[in-house]
Amino acid sequence: GVGAAVTLTPAGEVFASIFGDSPAQTEIMDRMGVPIGASDTADGVTITADAIIGDTYSYAVVYSIARDDGQPLAEDLTPLGGTDGPLPLTFDQSDTFVGMLGGSHGTAYFYDADPADNAIQYVEMMTADTPIEPGTATATFQNLYLRGKDIQDRTLLAEGKWKIRFQFDFPDSGVSLDAGQTFQLNGMEATLDGVTLSPLSIQVDYTVWEELVWDHQDQADGQMGEHDREQSYRFFESLPVTVNFTDGTALDLSGNGGGIRPEDGKTVCQKGRVFEEILDLSTVESVTVGDITLPVEAE
């Protein structure tokens, strides 16, 4: 849609309520993030892409949603799961297409960054199995609803389709740690292919020198059976990943999501995630994967 000129909000301010609002965090997010300000309007509601932040494998983008008449989207937006939960809103469809090839995983939810205004925010955070390429992103949303405790219980707030295009590019503050070591994972030999760390996310690439064999019959009903659960744990979930800080504390990232791909007698794995808070890499001493500890030297 075409609208009046907008004042761009700095990325550090946009992401403060998600990733932290300390001066150090805000400075890092301003450096890593890019304000956008592109929007589209349907049924008296405007959705604006506020800002994006990203690195080699991950990104987060925040959208603001507001009625053009200045009224709130709904009278009662109390989170379903208590005061800290996401707001009870949903789209029929929501997708930010950034041209990523391969698999990806992540999360998206609604929240209110500033209760004093009538806008509600929607954040999408994704981690890809392959490096992200710059280009043009296309965000598409369809039909906005207020939802009840039962997902079938929903009230239409705005009908229509919103389509927003914006430049998908950002400075990459990631550092690649020295990898290439071999290690043992549940009695199997594995190689650590790469570890990429940024203030936003971590990605661990490794190869297990045995081929995981899925039980396709196990998956026939769409559920992972016991054999496949055991194999997924053995090759992927059981790998410990820890970020160690200079003050002696540590962040356990063993539960990271990712991708796992059997290939020519081996199994190629990626394990990564977006952090809950922006990290100042000068406070990170090392990353431990399995029994391998890699020092982090912040630039």
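Student: How many bridges join strand E12 (residues 201–208) and E16, and in which sense do they pair?

Tutor: Good place to start, and keep in mind that this is a predicted model. Strands of a sheet pair through backbone hydrogen bonds, either parallel or antiparallel. Here E12 and E16 pair in the antiparallel sense, over eight bridges.

Student: Which strand pairs with E16 over seven bridges?

Tutor: That is strand E15 (residues 257–263), again in the antiparallel sense. Gly259 stands opposite Gln270 in E16. E15 and E16 form a hairpin with two residues between them, and Asp264 in the turn has a positive phi of about 50 degrees.

Student: How many residues of strand E16 are buried?

Tutor: Eight of the nine residues in E16 (residues 266–274) are buried, so the strand is largely enclosed by the rest of the structure. As background, in a regular strand the side chains alternate between the two faces of the sheet.

Student: In what order do the four strands of the open sheet run?

Tutor: The order is E14-E13-E17-E18, with antiparallel pairing. E14 (250–252) and E18 (292–295) are at the edges with a single partner strand each, so one side of each has no neighbour in the sheet. From one strand to the next, the twist averages 20 degrees. Inside the sheet, E13 (residues 241–245) and E17 (residues 284–289) are joined by five bridges, and Val241 has Val289 in E17 as its bridge partner.

Student: Let's turn to a helix. Is Ser232 buried or exposed?

Tutor: Ser232, which lies in helix H3 (residues 226–237), is buried, with a relative accessible area of 7%. Leaving aside residues up to four places away in sequence, Ser232 touches Trp214, Met224 and Glu237.

Student: And the aromatic rings: how many aromatic pairs does a search of the whole structure find?

Tutor: A pair of aromatic rings is described by the distance of the centres and the angle of the planes. The search finds 12 pairs. Take Phe168 and Phe170: the ring centres are 5.3 Å apart and the planes are at 85 degrees, so this pair is edge-to-face. Both residues are buried. Elsewhere, Tyr63, Phe91, Phe110, Tyr122 and Phe141 form one aromatic cluster.

Student: Which ring has the charged end of Lys271 over it?

Tutor: The ring of Phe236, with the charged end 5.2 Å from its centre.

Definitions and conventions
Residues numbered from 1 in each chain as written. Predicted model: local features only at pLDDT ≥ 70, side-chain atom pairs only at ≥ 80, totals over all residues. Heavy atoms only, no water. Pairing = 2+ DSSP bridges. Axes fitted to C-alpha atoms, helices over the stretch in contact; angles between N-to-C directions. Buried < 20%, exposed > 50% of the residue type's maximum accessible area, 1.4 Å probe, protein only. Contact = heavy atoms within 4.5 Å. Phe/Tyr/Trp six-rings, centres within 6.5 Å; stacked < 30°, edge-to-face > 60°. Lys NZ or Arg CZ within 6 Å of the ring centre and 35° of its normal.
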